[in-house]
Amino acid sequence: MTETAAAQQRGVRLPRTERRAQLLAAAQRVFSANGYHAAAMDEIAEQAGVSKPVLYQHFPGKLDLYTALLENHVDELVSRVNEALASTTDNKLRVRAAVGAFFDFVASETGAFRMIFESDLRGEPVVQEAVDRATTECVNAITDTITADAGLDEGRARLLAVGLVGLSQVSARFWLAHHSTMSREEAVSLTATLAWRGIGGGFPLQHTPGEPA
């Protein structure tokens with residue numbers, strides 16, 4: 001952002017929700033580029049085109065800003081997984097959609113996944129709590145689906161769900177680092193095939209989709 005543009009933006013009064021979104025977007029750029037410890041509130045304010053007092057009106061400190069951004073990213077990931085699970089009643093396609101949700105999240109240009117899976121602030125309780133929520137809520141959603149459709153008890157379904165979440169996010173991150181030789185579609189297909197042959201082969205559907213369990 002140029003100094004002129006920043007100065008012009010500083011003079012514009014935005015609704016609180018719009019200003020908050022603007023500040024979070026600026027913070028995402030700075031945190032993604034520098035990590036938490038090297039990020040400076042001065043730079044975030046400059047990126048957003050606001051004064052530091054305006055930034056502090058919305059977020060009392062850097063940790064508050066980081067946590068708010070992290071919570072948004074957790075909500076986004078959980079929403080993607082839930083939408084994937086609800087997108088079809090065909091469980092093979094469901095597994096593919098769930099895997100794809102992780103790949104799409106990891107491939108997002110914002111680099112949001114790094115704040116969840118590669119945060120340099122895991123020792124901070126509020127950050128660890130948000131990171132744990134990302135995994136827990138994704139696992140819960142998949143557990144409910146497996147329990148309903150595979151006839152397994154909650155404990156066994158949860159173990160499978162943990163496996164699917166772990167496989168998906170680790171594979172997606174590996175693909176991002178090496179995907180110059182493999183398309184997103186091929187990577188999702190390979191990962192989903194591995195997951196489906198385990199879940200679909202070992203735990204077949206116990207009732208016809210759409211019919212009561």
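## Helix 8 and what follows

Let's start with helix 8, which runs over residues 125-150. Its 26 residues reach 36 Å from the first C-alpha to the last, close to the 38 Å expected at 1.5 Å a residue. Expected span here is 1.5 Å times one less than the number of residues, and helices are DSSP runs (H or I, at least four residues) numbered from the N terminus. Just after helix 8, Gly151 takes a positive phi of about 70 degrees.

This is a predicted model, where local features need pLDDT of at least 70, side-chain atom pairs count only at pLDDT 80 or more, and totals for chains, interfaces and linings use all residues. Residues are numbered from 1 along each chain as its sequence is written, and side-chain values use heavy atoms, leaving out hydrogens and water.

## Helix 9

Next up is helix 9, residues 154-178.

## The nonpolar core

The largest nonpolar core has 61 residues. Such a core is a set of buried Ala, Val, Leu, Ile, Met, Phe, Trp, Tyr and Cys residues joined through side-chain atoms within 4.5 Å. Phe31, Ile44, Leu55, Leu65, Leu70 and Leu77 touch the most other members. Helix 5 gives the most to this core, with 11 residues.

## His58

His58 sits in helix 4 (residues 52-58). At 11% relative accessibility, His58 counts as buried. Beyond neighbours within four places in sequence, His58 is in contact (heavy atoms within 4.5 Å) with Arg16, Arg19, Arg20 and Leu23.

Note on methods. Helix = DSSP H or I, 4+ residues; strand = E, 2+ residues; numbered from the N terminus. Buried < 20%, exposed > 50% of the residue type's maximum accessible area, 1.4 Å probe, protein only.
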